[in-house]
Each structure stands twice: as structure tokens, then as C-alpha cells.
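Please look over the sequence and the structure shown here before reading the notes that follow, which take up the interface and then the nonpolar cores.

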Amino acid sequence: MAIAAALLVFMLSFQIGVYGVMKESTLRILDGYAQFQPDGYAADPGLDRSIVDPDALIRDALGIEGVTTAAPRVNGFAILAKGERSFGAAVIGVDPARERQVSSIAAMVRDGRYLEPADTDTAVIGSSLARNLQVSVGGTVTLLGAARDGSVAADVLRVVGIYRSGIPELDRSILEMPLVRAQDTFAMTGRASTIALAGRSLDGLDAALAPLRTLAQRNHVALLDWTALEPALHDALALKYATTALLYLTLVVVVAFIILNTLLMSVLERTREFGMLLAVGMRPRLIGRMVWLELLTLALAGCAAGLAIGAAATSWSQHQGLNFSGMGELLSQFGLPARLYPALTPASALIGPGAILLAVVLGGIVPYLRIAHLTAASAMRGA
Amino acid sequence: MRSDLAMALVLAAAAQAFAGSAPDADAILERAYAHYRSQSSATTVAMTVHRPDWERHLDLMAWTRGQDDGLVRFMAPAKDAGNATLKLGRDTWVFNPRLNQVIKLPASMMNQSWMGSDFSYNDLAKSTEIITEYTHRVAANEQSEGHTLWTIEAVPKPGAPVVWGKVAFKIRDDDLIIEETFFDQDLKPARRLRTERIAMLGGRLYPVAMTMVPLDAADQWTRIETSEGHFDMKMPDYFFTLSNLQNPRQ
């Protein structure tokens, strides 16, 4: 029982830890923990939907506890050309200083550098896009698209950095350029397509969703939390939790049955003893309660030992991290680092042992009922 | 007995021949396209792009040669003047004067909006794709203002690399396309191009005002009005070249 409880503590902590990292790092790549968007933008993104006066909204958002960064963006679409080669790509105008705190693309620059606040005609592009265009750091790309007012958006940008996220779509189809330049190119001056929000942690920002939603309503924009930004990730995690919950449930049931079986056997072996107790005048219910208490003590001790072992192992690996460097390529697809850390929380520590304890306590009713119906004569003869 | 059989055969053949004289959808469509495009054309066009919160007017000149080659050059407003698009066969290039650069459009971009309008690059040269990649049938015919109006449905051939699930044409018996409705892959109508005015232009009847309306967006359309047109003249070879796209010689 102690081993089962320890295992549950560790597995649950590991799962919560990994999923937490997975969520945060996926959101950290580009989405942010939440976003302000113009109404209807998610269904039909386009320059004709924009946030007017994003600076005021950003100022108000930063005043809310839990929000540490609000990064305005202009999301355009353009043909990127270099010589004979041309490809369609998403063009994102970003505020370099704020963007750095929301998106991890800045940290993924493998060649050259990320955008800097003083930059004007610069761009950072994904590695596949750079390869397709055959452009390297220092080279120029031509951008041609449609601006918000229907006119032609045209620009020439100097590539200062090439990033590699390991996510093919990102590396193939995104160019980031300075916000002010993008606002100028796409006729979006004083406007933003979206505002990405980040906090110290996802939980911290989720706690601030209510005041953020009020703020969004006041400014007639939509607030999308992480489940709306990454619905596929949300559903995948929900499915994962559901399937592993089934696994845990099986484990709990098996453990509970093993304990009950042992106990029932010992009750049967002690039937003569119970008969003796009955004969000297002890009430059946009292004997039942005694056995039930024995069971409870056993379960409590087992769970406590399991909790201790599990928590110790978990906090050790939480400190050290578990190395999965052999799976680095696979993990990076999900935005995960090669070293994973379980997260020991009160919930992850107590749910497993608690479930075992509860199962044993409830299952203990069976021997209790059995003893409650014993009579002294039959008990002493039966054994 | 033998002559009866011969007679029956003759009658059957005659019946078949009679059925064959019903309008041939392929021929109607091809004639309409030939009429619209002619051997070559040079037109002066005003384009109005309407959106819920703004409207733009652009002036442009368009030249075509045969079924596949076309050149469009914008004249006004100043902000867009000098932008030009060249289509040669399946390839499309755009020239932007601010960049002073010619850019070849990737195939994936051909369905993007052309100059912010409701037309795509694909629409530009009235690509003959609709004739070669689709099968056609006459779905209905009606009488309207003294003309027969054929309704022709074009459905893509199996595996054809096309965008639309179906295109329905209304074509008048004098080879003018009156209406074109584009259906998406779920066969829901996506947008409609309507001829609003027909007049004599360059010695022929021509749809001088047409409006493209996307059916999924409210209060949004693009109208093209042709004010001048010359058809079937000789076009110099240099005209449809990249160097002429970048440095117009006229």
C-alpha cells in the first residue's frame, strides 16, 4: 500500500508538472497566457479588425495584479521575396522589449540577434523560411501585401536574426518586424491587431482573468484565455487527464481490494477469537468497530509512509529534474525542454493516498457488517 | 422487313441528331470567353472597392493577349500609381514602384486579394481554367429582355486542382456573361460577379460595369467600370515581358 501511495504521489506530481510546463511553454512561444483581440478577430482575422488606442488598454491591463507584460502586435500577411524566390508568410509587428517578455522566439534566435527597441527596418525570420528564401543574417527581404486601407503594403527589411523553434509551421511562415514600422507599412498607425498578455505564471494570470474581462468589455474588445487561444492543447490535456485518471482509479481499486482481502482473511481466521469476545459479553458492533479501526490504522500508516516516500522522491526529482535528452527532438515539438520537473503540490501529493484511504474506509464496511451478524455459538463452532 | 429495320435505324439516328442540337454548354462558355477576351484587348477601367468603413477608387489600364497573358497597370490614386501585375500563362508577377522591384507570386498566393479588392489574382486574367478543368452542363434556359439566357453549371473534373466546388454562369445568347456565382467546396455560394451595364465598346457589346460581391461579408463589394476599350489589335511582343512590367515603354 505504501508503494502504491508513493507511486500515485509521484505520477500525479510528474503529470501535473509536465503538463504545466507544456502549457506554459506552448503558450510562451507566441500566444501569451491570454490575449486581447478585436471582437470577431479569432473567427476572421484581418487588418480590418483592430484595437484602437492599444496603449491605453495596455496601461490599464498592467495595473491589474498578475499581469506583468502586455505586448501589442500587428498581424499582417504578405508575400516575402528574395530575388526570384517568394513565399507567403505571416508578418508580425512587435514591440521588441515587451515581446521578449511574452514570447520565447527571442530566446530561439540561433543566428544573429533578436529585434531591439532602436531597430527600424529589421526583421527576424524562421529558419525554414530563411532556407526557402535563401537569405541569411545581413540579407534583405522584400515584403508585399495589402494594407488596412486597401493600398499596397510594401517594404524592404534587413534580416538581423534567424530563429529555430522546432515547430515546422512557426519556422516556415513567420516574420517579426518592429511594431512602429509594421504599423506604418500596413496603415495601422495607432492601432494593434492583438495584445498578448503574460504574467509570472499561467495560474497567476488566470487568477486575473475576471478584472481583465471587465477591462475588455469596457474597451469593446474580446479577451481570450489560454483555452481559447490553444483549444487543441486544452482538449488534448483534458483527454490525457481523463485517461490517466482511469489508470489511477484502477490502481486505487486494486490496492483497496488487496488490503480488504488481507483483512477479510484475518477476520475469518479470528472468527473463533471474536466468538470468545462475544461469549464474554462484548457487543458485535463494538468488535466490528474495533476491526474497522485496525483497518483504518493500517491504511493511515501505509498512506503516510507512501506519502513520505512519494513526496521525498518527487521533491528530489523536482530539484534535480528528470533528464529526457534522448527525446529532445520530440519534446521540443511540444515546446518542452529536455529536462522535466514534477510539480509537488498539496493536490498532487494528497489525491492518491487520499483516494486509497477513502476506498479502504468504505470497503471496511464489509468486514464490519460480517462481524455485526456473528453470534457467539456459531462463531466459535465455525472456526 | 429489312427496309423497316433500316427505317428504324435512320429514325433513331435522326432522333439522336436532334437531341445533339440542344445547346452545347462547352461551346456556349467558350464563345462567351472568346467574346470577353477577344484576340487581344486594351481597356481603361475604374475600380471601386467598397468596405463598411471606407471606399477606394482606383484607375487602371489592362491589356490582354490570347487566353492567358495579361498586364494591368494602376494609374491613380498617387499612392498606388505604378503598381502593375503581369500574367503570363500560369505565372504572375507584380511590380511595385516604391520597391522598384518585380516579385513573382507564389502559387499559394494566387487566391489572395488583388490590390485590396474582392478579386483575387486568379480572377485577373479570366483564367481559362474554368474551361479546361471543369465539366459543363446547361442547367436551365430562360427568356429575358428578348434574349435567351443560358444557365451553365461548371463542376470541377475529378482531381482538378481548383478552388471552387462549382461555378454557375448566366450567359446571354449574344455571348455576354451576365452573372457568375462561385460556390465553395461545400457548394455554398461564396461570391457573385454581376454584369450591371452592357454597352457598345470598341465596336462590340461589352459588360462595361460589373460588380463582385462576396456573399459572406456584409456591405462589401468591388465594382469595375470600363470606359474605353480596343479589341483584336496587334500587340507588340515586348509588351508582355518582365522588362516592360518594370519599365513601361509607352
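Buried area is the accessible area, found with a 1.4 Å probe, that two parts lose on being put together, summed over both. Between chain B and chain A this area is about 1600 Å², and carbon and sulfur atoms give 60% of it. The model is predicted, so that local features need pLDDT of at least 70 and side-chain atom pairs count only at pLDDT 80 or more, while totals for chains, interfaces and linings use all residues. Residues are numbered from 1 along each chain as its sequence is written, chains are lettered from A in the order in which they are written, and side-chain values use heavy atoms, with hydrogens and water left out.

**The interface**

- Leu99(B), Ile103(B) and Met109(B) lose the most area on the side of chain B, together 27% of what that side buries.
- The contact (heavy atoms within 4.5 Å) takes 18 residues from chain B and 19 residues from chain A.
- One salt bridge, meaning a side-chain nitrogen of Lys or Arg within 4 Å of a carboxyl oxygen of Asp or Glu, is found across the interface; it joins Asp149(A) to Lys79(B), whose closest N and O atoms are 2.8 Å apart.

**The nonpolar cores**

- A nonpolar core is a set of buried (under 20% relative accessible area, 1.4 Å probe, protein chains only) Ala, Val, Leu, Ile, Met, Phe, Trp, Tyr and Cys residues joined through side-chain atoms within 4.5 Å.
- The largest such core has 52 residues, and Met47(B), Trp114(B) and Phe169(B) have the most contacts inside it.
- Beyond its neighbours within four places in sequence, Met47(B) is in contact with several residues, including Phe74(B), Trp114(B) and Ile224(B).
- Another core, lying apart from the largest one, has 29 residues, among them Leu27(A) and Leu233(A).

Definitions and conventions:
Buried means under 20% relative accessible area, exposed over 50%, partly exposed in between (1.4 Å probe, protein chains only).
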